[in-house]
Amino acid sequence: MKTSASTLPISRWLGYAVLILFALISLGPLWIALKTALTGPNSLFGSGGSLLPQDATLFNIQRVLGFVDPTDPRLQQTGLAKITFFRALLNSVIFTVLAVAPQIFFSATAAYAFARLRFPGRDLLFFLFIAATMIPTAVLFIPNFILIHDLGWLNTFQGMAAPYALMTPFAVFFLRQMFLATPKDVEEAARIDGASYFSIFFRMILPIHGSSLATLAILTTVSTWNEFFWPFLIGREESVRVIAVAINAFRTQQQAGSPDWTGLMACTVLGVIPMVALLVFFGRKVVESFQFSGMK
Amino acid sequence: MPTKTSILPDHSAPAVDRFHLHKRLTEREGFCGWLFITPALVGFTLFYLLPTIRAFYIGLTNWNLLRAPKFLGLDNYQRLLGDGKFWSSIWVTVLYVLYNIPIQTVLGLLIAVLLKRLTGSVAMRSIMLAPFLVSNVIAAMIWFWMLDPILGFVNFLLQSLGLGTHAFFSDENLALPTIAAINIWRHMGYCALLFYTGLQSIPEHLYEAARIEGASQWKMFSSITLPLLRPTVVFVLVTSVIGSFQIFDTIAVTTQGGPGTATRTIVWYIYQEAFSSMRMGYASAMSTVLFLGLVVVTLVQMRVLRSGESDLG
């Protein structure tokens with residue numbers, strides 16, 4: 001920026017101070033969660049105001065994952081409820097993969113048809129898809145719950161993933177925009193050379209738009225990993241419940257007594273780690289994907 | 001094409017015919033169009049189109065999922081008009097949106113301007129985005145801990161500043177603003193990134209020209225930045241208001257509608273009616289009203305913010 005010349009240094013410093021303050025506000029709570037997760041089970045009382053874990057240990061992380069021997073004396077202490085989080089992490093991975101991978105593939109085939117192929121009813125259909133982005137979840141959840149209930153799919157992964165697996169209006173809309181933004185000369189040349197629509201889709205469209213597909217994959221993976229309401233309605237049993245549902249269950253189970261804060265924070269830290277890893281390893285791509293998610 | 005058929009093992013005539021049929025169909029644009037769209041169309045029909053119609057129909061019935069639905073006509077809607085709980089939940093939701101959106105939007109704008117003028121490094125943008133990558137449930141859980149009246153970090157901080165401790169979630173006056181604050185924390189950085197993207201599309205020469213004319217910082221912000229950022233502001237406001245009206249997750253984890261009715265928002269009430277009281281019909285009628293309400297709110301916003309016009313020119 002060339003603004004510095006006309007801006008007083010003092011206001012610039014003030015700006016940096018405010019920006020750092022916001023950075024601290026953003027990260028502070030995550031640090032407190034990590035600190036608590038690493039705090040020894042006997043040291044929680046009296047450590048509330050400290051910024052570093054007291055009596056630092058990985059014990060909480062290990063015990064919520066079920067890696068601690070059940071006869072371990074530390075587990076017998078009062079307040080340490082039984083938390084089984086390993087299954088929830090695994091369930092989240094299964095749910096996310098089942099919901100995201102086919103969604104992106106089928107949204108891509110649909111977006112290709114909407115962007116490039118002419119067929120009767122196309123524009124009306126696309127209009128309906130766009131209109132669907134306006135329908136609030138609050139309207140859809142009752143009929144969709146009843147459908148999954150009638151199919152006998154409550155507490156199954158297919159029931160949890162079904163509404164996401166074939167399409168979301170956003171994914172179709174987003175990919176269609178991306179496909180439309182590239183010139184179609186090459187595809188037309190390939191048609192003339194006798195390539196089928198299938199080979200054009202698999203050999204040209206998908207590879208050319210790898211970056212857009214990655215952007216969509218990041219956006220949908222994050223939102224699916226964090227999804228609560230639908231999995232909460234469909235998958236409450238321990239065998240299928242995802243991390244958000246499990247954490248909510250642990251928290252409401254313990255309402256009466258003093259909550260097992262170190263265990264709960266260990267769960268939240270484990271739930272956040274994949275997202276933080278995404279930011280650390282693919283920072284630029286992730287940040288730009290989210291910036292791009294607002295483009296129409 | 002004849003060269004292609006020779007690749008096929010020469011077993012029987014029907015196989016070759018099927019191949020030709022397959023080949024002819026996959027050459028046709030219209031056929032392929034429908035084929036490529038079929039999976040998405042099935043998903044759209046099953047999970048968007050039919051449920052929307054069905055939600056409206058269920059709203060006209062009395063149904064507890066155990067017995068067959070009983071058709072009531074518009075009775076549910078009539079009942080809704082006289083249901084004080086419904087109106088109070090609408091009021092709580094509107095109040096929540098008013099706590100949530102203005103602060104979130106202003107802070108988002110402030111952060112975006114600071115990012116643009118000081119440092120838009122990937123690291124700084126990642127830090128700002130981090131809370132948004134944390135799920136609603138986990139964000140609520142972390143703040144529930146930080147605001148715990150006995151052990152929470154925030155209460156320690158407040159006490160050491162001589163401000164006393166507060167039971168944020170069990171105080172009727174504090175519960176709703178506290179939930180709004182959690183969501184402001186989670187969303188402000190994401191809003192900032194969307195605004196930041198919008199800021200980058202504003203041509204730098206406009207600021208240079210204004211500077212030559214001796215315009216103040218505030219003047220430049222209000223006469224150049226804000227008007228040219230309007231399309232982004234409209235998008236962010238419209239989507240965040242729609243989301244804010246449907247607040248649920250944070251309430252499920254923290255207050256569950258309480259204390260009293262202080263945080264019983266409309267989606268929480270709909271959920272309670274549907275799954276605690278098993279009144280699918282009445283819950284669907286309320287969700288239909290919420291849908292229509294959101295359409296009206298969105299149209300009003302777009303009208304007020306003149307979303308269709310551009311100031312660039």
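**Exercise 1. Find what share of the contacts in chain B, at a separation of 6 or more, comes from residues 24 or more positions apart.**

Step 1. Start with the term: two residues are in contact if their C-beta atoms, placed from the backbone, lie within 7 Å.
Step 2. Take the contacts in chain B with a separation of 6 or more; residues 24 or more positions apart account for 68% of them.

Before going on, here is some background. This is a predicted model, in which local features need pLDDT of at least 70 and side-chain atom pairs count only at pLDDT 80 or more, while totals for chains, interfaces and linings use all residues. Residues are numbered from 1 along each chain as its sequence is written, and chains are lettered from A and ligands numbered from 1 in the order in which they are written.

**Exercise 2. Describe the side of chain A that touches chain B.**

Step 1. Count both sides: 76 residues of chain A are in contact with 80 residues of chain B.
Step 2. Look for the elements involved. Helices (H or I, at least four residues) and strands (E, at least two) are DSSP runs, numbered from the N terminus. Those of chain A that give two or more residues include helix H1 (9-37), helix H3 (86-116) and helix H13 (261-292).
Step 3. Pick out the largest share: H1(A) provides it, with 14 residues.
Step 4. Sort by class. Ala, Val, Leu, Ile, Met, Phe, Trp, Tyr, Cys and Pro count as nonpolar, Asp, Glu, Lys and Arg as charged, and the others, Gly among them, as polar. The division is 52 nonpolar, 19 polar and five charged.

**Exercise 3. Which residues touch the most other members of the largest nonpolar core?**

Step 1. Define burial: a residue is buried if 20 or more other C-beta atoms lie within 10 Å of its own, exposed if 12 or fewer, and partly exposed in between, with C-beta atoms placed from the backbone.
Step 2. Define the core: a set of buried Ala, Val, Leu, Ile, Met, Phe, Trp, Tyr and Cys residues joined through C-beta atoms within 7 Å.
Step 3. Of its 169 residues, A:Ala110, A:Ile247, B:Met141, B:Ala192 and B:Phe195 touch the most other members. Helix H9 (residues 175-200) of chain B gives the largest share, 16 residues.
Step 4. Zoom in on A:Ile247. Leaving aside neighbours within four places in sequence, the contacts of A:Ile247 include A:Leu264, A:Cys267, B:Val137 and B:Met141.

**Exercise 4. Examine the loop between helix H13 (249-253) and helix H14 (266-275) of chain B.**

Step 1. Find B:Pro259 in this loop. A cis peptide bond joins B:Gly258 and B:Pro259, with omega about -5°.
Step 2. Find B:Gln256, also in the loop between H13 and H14 of chain B. Phi of B:Gln256 is near 50°, a positive value in a residue other than glycine.
Step 3. Is B:Gln256 buried or partly exposed? B:Gln256 is partly exposed, because 15 other C-beta atoms lie within 10 Å.
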